[in-house]
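This briefing is meant for someone meeting the structure for the first time. Please look over the sequence and the model before reading the points that follow.

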Amino acid sequence: MKKNFFIFVFLFSLLYPQVSFSYNSDPKQFITEIVDEAKQILSGSNSKEFKTKNLSKMALKVVDIKGIAYYSIGKYRKQFTDDELKKYLELFEKYFLKSFTSRLSDYSDPKIDVLSAEVKNDKYTIVRSKLVGTDKKPEVKIDWRVYTKNPEQPLIRDLIIEGLSLARTQKEEFASVIESNDGDIKKLFTTLIEFVEN
Amino acid sequence: MMKKILSMIVLMMFLQINFVNAGSTDEKLKSKNSNTTADECFEGFSRTMFSLNLGLDKAIFKPVAKGYRSLPVSLRKGTGNVISNLRSLLTLSNNILQGDFSTAGNTAGRFVINSTVGILGVWDPAQSFGLEKQGVEDFGQTLAKWGSKSGCYFVLPILGPTTARDTVGMVGNIFLDPIYTVSHNRETDFLIGNENYQEHNFYFYRGTGAVDFRAKNIESFDSLEKNSIDLYASVKSIYLQDRNKKINNSKINIETQNDSDWEEIDTQ
């Protein structure tokens, strides 16, 4: 029985390596592993549900969603009560996962070359990579801002695509929703709920 | 010709209002331009124009871009190269105005080689001669390099997002683009044969460039549209970040990103 169980675990990990993946603490290697894992998930034969489910699982492990949530709300964070902050973080996670998986699910069999890494300081390392061009799409430079405060567990905080920061764009989007509604933070909540539910 | 020179002088005088002290070092310029935000001039109008442009894009530009993309890859690549080669003349004018003579030499060398050996720019043999492709320049970037601030942000019908400085830059581009001068100058027409350089050729060249750009970004824009909670704000952010990157001539992606944005956020 015990032997059968181990065989099962072994076969399962071969079939679904993303489930039992542990990540390297070296930022460049960390990104290489994430790219490889994403490639397997996004392989053409997998269903959209499979892709969404497994990309979400991966994001929960490798992305600093809480950090991005704080960054995105910026100065408005100070206006939150504890309950509102808790609600915001829950809502943001759902929003982020939907947006993240939706953006990536459009790619099937992407080819990303991880090129180099530059340690900015003890908190951040930038890993450079490129999405190889195809007949339809040009080559795209992608830099990954990796948060390394805990060197044993690096986390992704931002993707900089051809010099354009996704986190910054998101932050400015959030600010615009709030400002165009006379500073009402609740309108952002409503907008995020609408996005998640649609 | 005198009229054009006079217009340029008026334009320059107008810009003096916006200028800060010239002669900044590159470091100063970088820190000054690292602020990628701009106030809105008239947001209501801009949002209406943005919606109008989106409608036009769906009805006209995107279908045309999709049609263009169904052409053979070699044809599209050749067309993109020809447009890029012609566009490099405007870059050359701005390289010179920015005092960047080494890049100007590179741009000029590339144009000569690609227009001759590369058969009117269809191919890019200049790369093999060691002349690497540099970033494009326009008069808006030149104004920024000279110290002009961006001014407020707004959206123009058809032309899309811009700032006060970049709008003046667009006007400047017309005067600085040799293709415009050649195609709109009757004397040049007489010298080289009126048949080949009629005015509409200029608009055809600019239009083809726009279609080529749109065709390369179909999926990116679809994804942005699908995943934005405020598409207008997203496009504004991307436009301003992109301009900032181009003004600073950042070759490294993260050069224009600011670490201090993240400083207070500790989750580990």
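Two residues are in contact if their C-beta atoms, placed from the backbone, lie within 7 Å. In this predicted model, residues 24 or more positions apart account for 48% of those contacts in chain A that have a separation of 6 or more. The points below take up chain A and its sheet, then a pair of helices in chain B, and then the interface between the chains.

**Chain A overall**
- The secondary structure of chain A consists of 7 helices and 5 strands, and along the sequence these elements follow the pattern α-α-α-α-α-β-β-β-β-β-α-α.
- Chain A has 198 residues, of which 32% count as buried.

**The sheet of chain A**
- In chain A, 5 strands form an open sheet with the order β1-β2-β3-β4-β5, and their pairing is antiparallel.
- The edges of this sheet are taken by β1 (112-119) and β5 (164-165) of chain A, each of which has a single partner strand, so one side of each is left without a neighbour in the sheet.
- Strands of a sheet pair through backbone hydrogen bonds, in either a parallel or an antiparallel way.
- Within the sheet, strand β3 (residues 140-147) of chain A pairs with strand β4 (residues 155-161) of chain A in the antiparallel sense, over 6 bridges, and V146(A) stands opposite I156(A) in β4(A).

**Two helices of chain B**
- Helix α4 (residues 73-97) of chain B and helix α10 (residues 199-216) of chain B have axes that come within 10 Å and cross at roughly 125°, which makes α4(B) oblique to α10(B).
- The crossing in which α4(B) passes α10(B) is left-handed.
- On the α4(B) side, T79(B), G80(B), I83(B), L86(B) and R87(B) meet Y205(B), T208(B), G209(B) and D212(B) of α10(B); by class, this contact has 3 nonpolar, 4 polar and 2 charged residues.

**Where the chains meet**
- Between the two chains, 28 residues of chain B are in contact with 36 residues of chain A.
- On the side of chain B that touches chain A, α11 (218-226) and α12 (231-247) of chain B each supply at least two residues, and the largest share, 7 residues, comes from α12(B).
- Sorted by class, the side of chain B that touches chain A has 7 nonpolar, 12 polar and 9 charged residues.

Notes: Residues are numbered from 1 along each chain as its sequence is written. Chains are lettered from A and ligands numbered from 1 in the order in which they are written. This is a predicted model: local features need pLDDT of at least 70, side-chain atom pairs count only at pLDDT 80 or more; totals for chains, interfaces and linings use all residues. Axes are lines fitted to C-alpha atoms, for helices over the stretch in contact, and angles run from 0 to 180 degrees between N-to-C directions. Helices (H or I, at least four residues) and strands (E, at least two) are DSSP runs, numbered from the N terminus. Angles under 35 degrees count as roughly parallel, over 145 as roughly antiparallel, 65 to 115 as roughly perpendicular and the rest as oblique. A crossing is left-handed if the near helix is turned anticlockwise from the far one by less than a right angle, and right-handed if clockwise. Ala, Val, Leu, Ile, Met, Phe, Trp, Tyr, Cys and Pro count as nonpolar, Asp, Glu, Lys and Arg as charged, and the others, Gly among them, as polar. Two strands pair if DSSP finds at least two bridges between them. A residue is buried if 20 or more other C-beta atoms lie within 10 Å of its own, exposed if 12 or fewer, and partly exposed in between; C-beta atoms are placed from the backbone.
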